[in-house]
Amino acid sequence: MRSYLLRRVLQGLLVLWLVSFAVFSLVRILPGDAVLMQLDQAAAPTPETLARARQELGIDRPFWEQYRTWMAGVMRGDLGNSLITRRPVTDELLKRISLTSHLAVLSMAIALLIALPIGVLSAVRQDTTADYVGRLFAILGLSLPDFWLATVAITFLAIWVHWIPPIGFAPIWADPARSLSQLLIPATIIGARLAAVSMRMTRSSLLEVLRQDYILTARAKGNRERVVIIRHALKNAFIPVVTIIGQQFSVLLGGTVIVEFIFLQPGVGSLLLDAVLLRDYTLIQGAVLFFAAVIVTMNLLVDLSYTWLDPRIRYR
C-alpha cells in the first residue's frame with residue numbers, strides 16, 4: 001500500500017504539472033487583453049500607458065520566464081496576485097470555496113438521501129410499480145437541466161410565494177437558519193440531478209450483485225432477505241456507486257456556476273466565470289489548478305475506498 005500511495009502521489013503531481021502548463025498556455029491564446037479590461041473605463045490608453053501597465057503586471061516578459069516565475073510561487077503555495085483586483089489568488093479562492101463547499105456537501109447529501117433508498121428499492125422490487133416510479137424519477141432528473149429548474153424555482157418563489165432566497169452567504173456554523181435558507185433550494189436542484197445518476201447506478205449494480213452465486217448461497221442458508229441485502233449485497237454493489245459519487249463531488253466544486261449565478265451566490269464557479277470574462281490570467285490559472293488538485297485527490301480517495309468495500313482488492 002505504501003508503494004502504491006507513493007506512485008499515485010507522483011502520478012498526481014505529474015498530472016497537476018501538465019494541467020498547470022496547459023492552462024498557462026491556453027489562457028494566453030484567449031482573445032482580449034487583461035490590461036485593456038482594466039483600462040476600459042478610462043480614456044483611450046496610449047502605447048506607453050499599455051506598456052507600463054503590462055510591465056507592472058509582469059505579462060510583458062517571455063512566456064517561459066512568466067511560467068517559471070509562476071511555478072516557483074506555486075511550489076511555495078503562492079498562486080500569484082489577481083491581475084484585476086491585485087489581491088492574492090489564494091485569498092480570492094478561500095473566500096469563495098466556503099460557499100461552494102457548503103453547496104457541494106449539501107447537494108451530495110440530498111442526492112444520496114434520495115438515490116440510495118430508491119435505487120435499492122428499485123433493484124429489490126424489480127419490474128414492480130416502485131421500480132417504474134424510481135426509473136421515471138431518474139429519467140426526469142437526467143432530462144431536466146439545472147438552469148431550467150433553477151429559473152422555474154426562483155420565478156415560482158418570486159411570483160407566487162413573494163419570497164426569494166437571501167442574497168450573499170452565511171456559513172452554517174455562524175447562522176444555520178440563514179445558511180439553509182440560502183442553499184437549500186439550489187442544493188435540492190443540483191442534488192436531484194445527481195440523485196438520478198446515482199440511483200440508476202445503484203439499481204444496476206445491485207441487480208448484478210443479486211444474481212451472483214454467493215447471494216444464492218446466503219439465501220440458501222436461511223438468512224432473511226434484509227440481511228442478505230444489507231450484509232452481503234450492498235457493500236459489493238457500492239464500488240461503481242462510490243466511483244460515480246467521487247466524480248460528481250469533484251465536478252460539483254467547479255460545475256455549479258449556472259446555479260450560483262441564478263441564485264446570486266458568490267461561489268468559486270462564478271469567480272472563475274468572472275476571471276474568464278475579464279481575462280484575469282493568474283486567477284484562471286489558480287482556480288483551474290485548484291480544481292485539478294481536488295479531482296486528483298478525490299480519485300485517490302475513491303481508489304483507496306475499494307479495499308474497504310471489497311477485501312479481495314489489494315494494491316501493490
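**Salt bridges around Arg135**

Let's start with Asp131, which forms a salt bridge with Arg135, their closest N and O atoms being 3.2 Å apart. The term here means a side-chain nitrogen of Lys or Arg within 4 Å of a carboxyl oxygen of Asp or Glu. Both residues sit in helix H6 (residues 129–143), four residues apart, which means about one helical turn separates Asp131 from Arg135. (Helices are DSSP runs of H or I with at least four residues, numbered from the N terminus.) Salt bridges that share partners tie Asp127, Asp131, Arg135 and Arg203 into one network.

A word on the source: this is a predicted model, where local features need pLDDT of at least 70 and side-chain atom pairs count only at pLDDT 80 or more, while totals for chains, interfaces and linings use all residues. Residues are numbered from 1 along each chain as its sequence is written, and side-chain values use heavy atoms, leaving out hydrogens and water.

How accessible is Asp131? It counts as buried, at 0% relative accessibility; buried means under 20% relative accessible area, exposed over 50%, and partly exposed in between, using a 1.4 Å probe and protein chains only. Arg135, by contrast, is partly exposed at 31%. Arg135 also forms a salt bridge with Asp127, with 3.7 Å between the closest N and O atoms, and Asp127 is partly exposed too, at 46%.

Now for another pair: the side chains of Glu92 and Arg87 meet in a salt bridge at 2.9 Å, N to O. Glu92 is buried, with a relative accessible area of 5%, whereas Arg87 is partly exposed at 42%. By the same rule, the count comes to four salt bridges.

Technical notes
Helices (H or I, at least four residues) and strands (E, at least two) are DSSP runs, numbered from the N terminus.
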